[in-house]
Amino acid sequence: MIILNGTSHPYLAESIATQLKVPCIQADVKRFEDQELCIKVTGELYEEDVIILQSTCKPANDHLIELLLLIDTVKRAGARRIICAIPYFGYSRQDRPNYKHSPLSASLVASLIEAAGAHQILTLDLHSKQMEGFFKVGVQNMSTLGLYKNLFSDAKENNYVIVSPDIGGLLRAQSLSNALDIDLAVINKSRPQPGQCAMHHIIGEIKDKNCIIIDDIIDSGGTLTKATHLLKENGAKSITACVTHAVLSGDCLQKINNSPLERLYITNSIYHAELPPKVKVLPIDDLFSNALRFFHKDRNE
Ligand code: R5P
């Protein structure tokens with residue numbers, strides 16, 4: 001087994017390779033004048049199980065094309081199996097037609113990865129369960145539920161409540177509320193325009209409670225920070241959030257710093273060199289190493 005690292009994440013592939021005691025190769029990615037990517041991989045890949053690690057995060061299109069080119073390189077080098085470990089799966093939010101003639105982007109991206117030659121996908125907290133159905137190859141969609149559950153083992157005794165910032169995230173929130181055996185609330189959110197969000201009212205009891213907001217993605221920070229203001233106005237005692245994929249676009253960090261949010265837990269599915277003290281990173285290294293160890297063992301038994 002060999003891990004091939006794309007350019008999206010400088011440390012995760014090395015850390016997983018160390019845990020699995022397998023070699024890690026860094027892909028050499030250069031650009032032509034017109035910005036086309038030029039990929040080189042040095043190392044023997046023939047008959048190997050190759051894990052390509054690449055989050056399709058910002059710049060999403062470049063990272064996606066790089067992933068497709070890496071898959072093709074590995075396929076042409078004669079690898080036995082190509083496993084794509086994609087901690088953050090860009091385009092996953094566009095998993096349904098939202099307006100007349102809208103493309104089904106998440107499905108198209110899944111087809112491209114498959115057509116390039118991927119045999120197996122390992123990912124984390126996909127935006128929706130139905131996205132797994134866009135692939136014909138196997139998809140292991142790991143969950144952060146265990147990581148978040150460990151953080152709040154005293155939640156039941158300390159008047160906590162789980163809050164979903166929108167109806168779409170209700171199942172995710174319900175899983176954590178069931179795991180911690182505490183109540184659940186949901187905010188009625190709408191998107192008047194793409195990229196904008198309006199928060200209407202809260203369904204459920206949050207007054208004088210310690211609120212844990214759970215979501216899959218924080219991008220502009222609009223959803224999370226508007227939710228914190230609404231919760232505070234309605235009497236929440238404290239507000240913490242667990243959001244798996246920290247896209248953190250534009251002035252997101254500033255919005256977080258100016259919000260009543262006390263602590264934001266994210267994962268390292270997307271790499272950030274620097275983060276403010278309010279933000280704490282929960283590593284997914286073990287989660288991914290264990291899943292990949294299992295794939296390899298399974299294949300060789
Ligand atoms: C929406 O359905 C997602 O689960 C997130 O709530 C959303 O993508 C967050 O985006 P933003 O931070 O830009 O509001």
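Start by selecting helix H2 (residues 60-76) and helix H3 (residues 105-116), whose axes come within 8 Å and cross at roughly 20 degrees. Helices here are DSSP runs of H or I with at least four residues, strands are runs of E with at least two, and both are numbered from the N terminus. Axes are lines fitted to C-alpha atoms, for helices over the stretch in contact, and angles run from 0 to 180 degrees between N-to-C directions. H2 is therefore roughly parallel to H3, a label for angles under 35 degrees.

This is a predicted model, in which local features need pLDDT of at least 70 and side-chain atom pairs count only at pLDDT 80 or more, while totals for chains, interfaces and linings use all residues. Residues are numbered from 1 along each chain as its sequence is written, and side-chain values use heavy atoms, with hydrogens and water left out.

H2 contributes Leu64, Leu67, Leu68, Ile71, Asp72 and Lys75 to the contact, and H3 contributes Val109, Leu112, Ile113, Ala115 and Ala116; contact means heavy atoms within 4.5 Å. These residues divide into nine nonpolar, no polar and two charged. Ala, Val, Leu, Ile, Met, Phe, Trp, Tyr, Cys and Pro count as nonpolar, Asp, Glu, Lys and Arg as charged, and the others, Gly among them, as polar.

Now go to Pro59, in the loop between strand E5 (49-53) and H2. The peptide bond from Lys58 to Pro59 is cis, with omega near -10 degrees. Then select Lys21, in the loop between helix H1 (12-20) and strand E2 (24-26). Lys21 is not a glycine, yet its phi is positive, near 55 degrees. Most residues other than glycine have a negative phi, and most peptide bonds are trans.

Finish at the ligand. It is surrounded by 14 residues, and the closest are Asp215, Asp216, Asp219, Ser220 and Thr223; a residue is near if one of its heavy atoms lies within 4 Å. By class, this shell has two nonpolar, five polar and seven charged residues. Strand E12 gives the largest share, four residues. An oxygen atom of the ligand lies 2.6 Å from an N or O atom in the side chain of Ser220. The protein covers 89% of the 380 Å² of accessible area that the ligand has on its own, by the Shrake-Rupley method with a 1.4 Å probe.

Conventions: A polar contact is a pair of N or O atoms within 3.5 Å; within protein, one must be able to donate a hydrogen and the other to accept it, and residues adjacent in sequence count only if both atoms are side-chain atoms. Angles under 35 degrees count as roughly parallel, over 145 as roughly antiparallel, 65 to 115 as roughly perpendicular and the rest as oblique.
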